[in-house]
Amino acid sequence: MGGTNGKGSTVTYLRNILQTAGYSVGTFTSPYVVRFEERISLNGEPIHQDDFVRAAQTVRDAIEQTDDPFGPATEFEILTLISFVYFESVAPDFVIYEVGLGGRLDSTNVIFPRVSAITNVGMDHMHILGDHVEAIANEKAGIIKPRVPFITSVTDEPSLEVIKKKAADLSAPITRLNDHFHVTHVTTEEEGSTFSLRVQDQELLHLRIYMRGRHQVDNAALAVSIALEIQKMGHQVSEEAIKSGLIQSMWPGRLEKVKDKPFTLIDGAHNPEGIESLVRYMQPFAKERPIHVIAAVTKEKDVNEMYAPLLSLQPASFILTSFNHERCANPIEVAETMSYSGITVELDNQKAYNNVKRVAKETDVILITGSLFFISEMRAFLTK
């Protein structure tokens, strides 16, 4: 599963659909939001620490016996190997792998899957993947394999052309949103969405999800399309399992409500496309209720470009803060680069939240957004 945004949500939808259909399902995702072990999970349950240690020891022994001309393995590469050892030992019916970065050179790309998928392509990690969307699309299209079914919800034409060419070159059958599967009758509400899905000659009516935002409809539609492709391979995936699996799906840190009064949301939007999806969800609130934003970013971000849509909501307050990670951008330096004058800085993120909570009314909205590392830290503070 590759893509710029929505990979984790799509993995969650698909995992719940397959699990509801009676299958055991392993997942490999990143980064973590609640606890480190969740990156390697079985049926939604993070790997047990004892199993993690056993698998890690196996990987360590193998690495110590290997003279790698490319240098020491990265943390992500080691985790990928640990997941291989663990899933081999527990033998789930399906394993869903989320690409870490890009796709072509990602450590997960050694897998030859039954189905591959890309959620979308956006401008993120440009310092690694390239500074234009076609270059990024080419990196992500690297997960497409010869003659392996490929499904995508990418709709922007420049990216789609790159992906279509790659699929054609590899004779990979392609299924595309708005060409081969169509979302219809969408109703988006504060607590989720209802929609219908037409896939070729099959129509699924009144599908319900409880993850917030219109973008989650496309993520869910992609997951359903993958499930139907798996069904074509001879596996039993009923319409009831699809509907029930979607309803059960939740993914922490994605427009997640963590407090009622004031209504407090955390969302890991960390690139322009993610912010635009977030803003579309927040616009109805902005018309009726003051919004207070608390944000923190990593060092490589163009904050003026990324936060321009968010500032269009005219937030009542906007606080830049920090989090405990080496990639965290200094909020003082970030504030100096931003053209918006209404920004304040509080280095301590817990103090930033408490400062907002003191001035916000119960009917206001507090939005906490930015890096997923930041979201993980704030979620732990707000839900303890």
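**Close-up views of a predicted model**

**View 1. Helix α2 passes helix α3 in a right-handed crossing.** A crossing is called right-handed if the near helix is turned clockwise from the far one by less than a right angle, and left-handed if it is turned anticlockwise. The axes of α2 (residues 49-64) and α3 (residues 75-90) come within 9 Å and cross at roughly 115 degrees, where axes are lines fitted to C-alpha atoms over the stretch in contact, and angles run from 0 to 180 degrees between N-to-C directions. Helices (H or I, at least four residues) and strands (E, at least two) are DSSP runs, numbered from the N terminus. On the α2 side the contact (heavy atoms within 4.5 Å) is made by D51, F52, A55, A56, T58, V59 and I63, and on the α3 side by I78, L79, L81, I82, V85 and Y86. By class, this contact has eleven nonpolar residues, one polar and one charged; Ala, Val, Leu, Ile, Met, Phe, Trp, Tyr, Cys and Pro count as nonpolar, Asp, Glu, Lys and Arg as charged, and the others, Gly among them, as polar.

The model is predicted, and local features need pLDDT of at least 70, side-chain atom pairs count only at pLDDT 80 or more, while totals for chains, interfaces and linings use all residues. Residues are numbered from 1 along each chain as its sequence is written, and side-chain values use heavy atoms, with hydrogens and water left out.

**View 2. Helix α3 has buried residues along one face.** The residues of α3 that are buried (under 20% relative accessible area, with exposed over 50% and partly exposed in between, for a 1.4 Å probe and protein chains only) are F76, L79, T80, I82, S83, Y86 and F87. Seen down the helix axis, these residues fall within an arc of 165 degrees, so they line one face of α3; the arc is that of the directions from the helix axis to the C-beta atoms. Their cover includes β1 (25-28), β2 (40-42), α2 and β4 (94-97), whereas the face turned away from the buried side carries the exposed residues E88 and S89.

**View 3. Helix α10 (residues 303-311) packs against helices and strands.** Its buried residues are V303, M306, Y307, P309, L310 and L311, and they pack against α9 (272-288), β13 (291-296), β14 (317-320), α11 (331-337) and β16 (365-370).

**View 4. Residue A167 lies in helix α6 (residues 157-169).** A167 counts as buried because its relative accessibility is 2%. Leaving aside neighbours within four places in sequence, A167 is in contact with I144, A172 and I174.
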